[in-house]
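Welcome! Please take a moment to look over the sequence and the 3D structure below, and then we will walk through them together, topic by topic.

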Amino acid sequence: MDILTYPVGSYSERADLVNRVVDLVGAEYRPTHVLLDGEDYSKTDGVLEEFKDIAFYWNRDHAINSVPSHVLAVMKDVACHHMVWLSRRALEEDEILFVWIVAHELRHFFQVTHHFSLASLRQESQNLRRRQQYRGLPSGPMAPAELDSDIFAMSTCETFFGKADINCYFARRRLPRCPFTSYPAYLQDLQQLWNPSTQ
Ligand SMILES: [Zn+2]
């Protein structure tokens, strides 16, 4: 796995953290490339919408038009098959949230390379949202692949930092992807209800 930083030589502490996360979760979660991109695209026209996100997973099935030149150079590398791109916003986040974002994207890589069904997760997530305390959650962030990535990110963070620290952190900090106070508890309940065959 190549961990690349832009500008070159920046974010070395974050690069170490990515390595530690990948070492923790195992070889099946090791993309060919991780790009820590210190550029800010929030006000840049003419780049793919993904660059407005906090992070994304890319492989050769995805487009390479409207991509900044230093990212295009990585995508065109014949050794680059699976890349996790991390934005400056992700790089400047708290350590816990940074690890969450990294683990979430690594899980998207795992989903694409392992082809397991998320039908039961979809069903369980819909059932759970009928509970009184979760009725206010929006439907937008509830795609099964995203929920699966968040469940994986949560359990990775719990292993990495300890469950108590994670509970404490999300009592005061909301997740950018679904900034609702009930969402971490929803994920924990969903994880209990759903037993994916791959875990
Ligand atoms: Zn995602």
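## Two domains in one chain

The chain splits into domain 1, residues 2-93, and domain 2, residues 116-193. Before going further, please keep in mind that this is a predicted model. The C-alpha centres of the two domains are 24 Å apart. Where they touch, domain 1 supplies four residues and domain 2 supplies four residues. On the domain 1 side of this contact there are four nonpolar residues, no polar ones and no charged ones.

**Overall build**

- Counting the secondary structure of the chain gives eight helices and four strands.
- The C-alpha trace spans about 50 × 35 × 30 Å along its principal axes.
- How does the radius of gyration of the chain fit a compact globule? A compact globule of 199 residues would have a value near 16 Å, and the chain has 17 Å, so the two agree.
- Of the 199 residues in the chain, 31% count as buried.
- Take the contacts between residues at least 6 apart in sequence: 75% of these join residues at least 24 apart.

**The strands around β2**

- Strand β2 covers residues 33-37, and four of its five residues are buried, which leaves the strand mostly covered.
- Strand β1, made of residues 2-6, pairs with β2 in the parallel sense over five bridges.
- You can look for two of the facing residues: Ile3 is opposite Val34 in β2, and Asp2 is opposite His33 in β2.
- To get from β1 to β2 the chain passes through α1, and this β-α-β crossover is left-handed.
- β2 also pairs with strand β4, residues 82-86, again in the parallel sense. This pairing has four bridges.

- Leu24 sits in helix α1, which runs over residues 12-25.
- Is Leu24 buried or partly exposed? It is partly exposed, because 13 other C-beta atoms lie within 10 Å, while a residue needs 20 or more to count as buried and 12 or fewer to count as exposed.
- Which residues does Leu24 contact, leaving aside its neighbours within four places in sequence? They are Thr156, Thr159 and Phe160.
- Leu24 and Thr159 are 135 residues apart along the chain, yet their C-alpha atoms are separated by 8.7 Å.

**Asp150, a buried residue in a helix**

- Asp150 belongs to helix α6, residues 144-161.
- Asp150 counts as buried because 24 other C-beta atoms lie within 10 Å.
- Apart from neighbours within four places in sequence, Asp150 is in contact with His104 and Leu187.
- Lys43 is 107 residues from Asp150 in sequence, and their C-alpha atoms are 28 Å apart in space.

**Backbone details in the loops**

- The peptide bond joining Tyr6 and Pro7 is cis, with omega about 0°.
- Pro7 lies in the loop between β1 and α1.
- Ser66 has a phi near 55°, a positive value in a residue other than glycine.
- You will find Ser66 in the loop between β3 (55-59) and α2 (69-75).
- With 13 other C-beta atoms within 10 Å, Ser66 is partly exposed.
- Where is His115 found? It is in the loop between α4 (95-114) and α5 (119-128).
- His115 also has a positive phi, about 50°, although it is not a glycine.
- His115 is exposed, because 6 other C-beta atoms lie within 10 Å.

Definitions and conventions. Residues are numbered from 1 along each chain as its sequence is written. This is a predicted model: local features need pLDDT of at least 70, side-chain atom pairs count only at pLDDT 80 or more; totals for chains, interfaces and linings use all residues. Domain bounds come from an automatic or database domain assignment. Two residues are in contact if their C-beta atoms, placed from the backbone, lie within 7 Å. Ala, Val, Leu, Ile, Met, Phe, Trp, Tyr, Cys and Pro count as nonpolar, Asp, Glu, Lys and Arg as charged, and the others, Gly among them, as polar. The radius of gyration is taken over C-alpha atoms; the globule rule is 2.2 Å times the number of residues to the power 0.38. Two strands pair if DSSP finds at least two bridges between them. A crossover is right-handed if, with the strands pointing away from the viewer, the path from the first strand over the helix to the second runs clockwise.
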